[in-house]
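Hi,

Here is the structure I said I would pass on. Have a look at it first, and my notes follow below.

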Amino acid sequence: MKLKVHAALVYDFEPDTDAIVSIQAAHSDDQTILEEALFLPEALRRVQDPADERGERRFRCRFSGETSIRYEAIIDNGRREALRPGLRAHDWIDLPAPALQYLTASRYCPSDLFGRFAQR
């Protein structure tokens, strides 16, 4: 399935602020980033960090004043495995601790509101 991703953020950084930004699509074996573009003010010096063990990518910048950050991508996640029939839901108490980071809401992804989309 091809997904179009678009994120637009506007911040006012007073005073100048160093930040680590995670807005780019992750690299993984089961999805392909077909196109992507990151839009930042031209004067910014950006340090792109390598993807971590989960494929998450981050960059670092020193931001100043009103700043617009925009990211767009087209991603094909057609190689992602669908859930197999017969799988059962585990009780929360039985889940391994590393799984919890994917199940709790954060300020970046309100996973508690994301369920309907994920089920589709």
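**What I found**

Gln 24 lies in the loop that runs between β1 and β2 (32–39); helices (H or I, at least four residues) and strands (E, at least two) are DSSP runs, numbered from the N terminus. Before you go further: this is a predicted model, where local features need pLDDT of at least 70, side-chain atom pairs count only at pLDDT 80 or more, and totals for chains, interfaces and linings use all residues. Residues are numbered from 1 along each chain as its sequence is written, and side-chain values use heavy atoms, with hydrogens and water left out.

Back to Gln 24: its relative accessible area is 10%, so it is buried (buried means under 20%, exposed over 50%, partly exposed in between, with a 1.4 Å probe and protein chains only). Its side chain makes a polar contact with that of Gln 48 at 3.1 Å. For a polar contact I took a pair of N or O atoms within 3.5 Å; within protein, one must be able to donate a hydrogen and the other to accept it, and residues adjacent in sequence count only if both atoms are side-chain atoms. Setting aside neighbours within four places in sequence, Gln 24 also has contacts (heavy atoms within 4.5 Å) that include Arg 57, Arg 58 and Tyr 71.

Now the salt bridges (side-chain nitrogen of Lys or Arg within 4 Å of a carboxyl oxygen of Asp or Glu). The whole structure has eight. One of them pairs Glu 36 with Arg 57, with the closest N and O atoms 2.7 Å apart. This pair links distant parts of the chain, 21 residues apart: Glu 36 is in strand β2, Arg 57 in the loop between β3 (47–48) and β4. Arg 57 is buried at 8% relative accessible area, while Glu 36 is partly exposed at 37%.

Asp 52, Arg 54, Glu 56 and Arg 58 form a salt-bridge network. Within it, Arg 54 meets Asp 52 at 4.0 Å, N to O, and Glu 56 meets Arg 58 at 3.6 Å. Asp 52 counts as buried at 19%.

Finally, the largest nonpolar core has 12 residues, among them Phe 13, Phe 63 and Tyr 71. Such a core is a set of buried Ala, Val, Leu, Ile, Met, Phe, Trp, Tyr and Cys residues joined through side-chain atoms within 4.5 Å. The largest share, seven residues, comes from β4. Phe 63 touches Phe 13, Leu 44 and Ile 69, among others beyond four places in sequence.

Cheers
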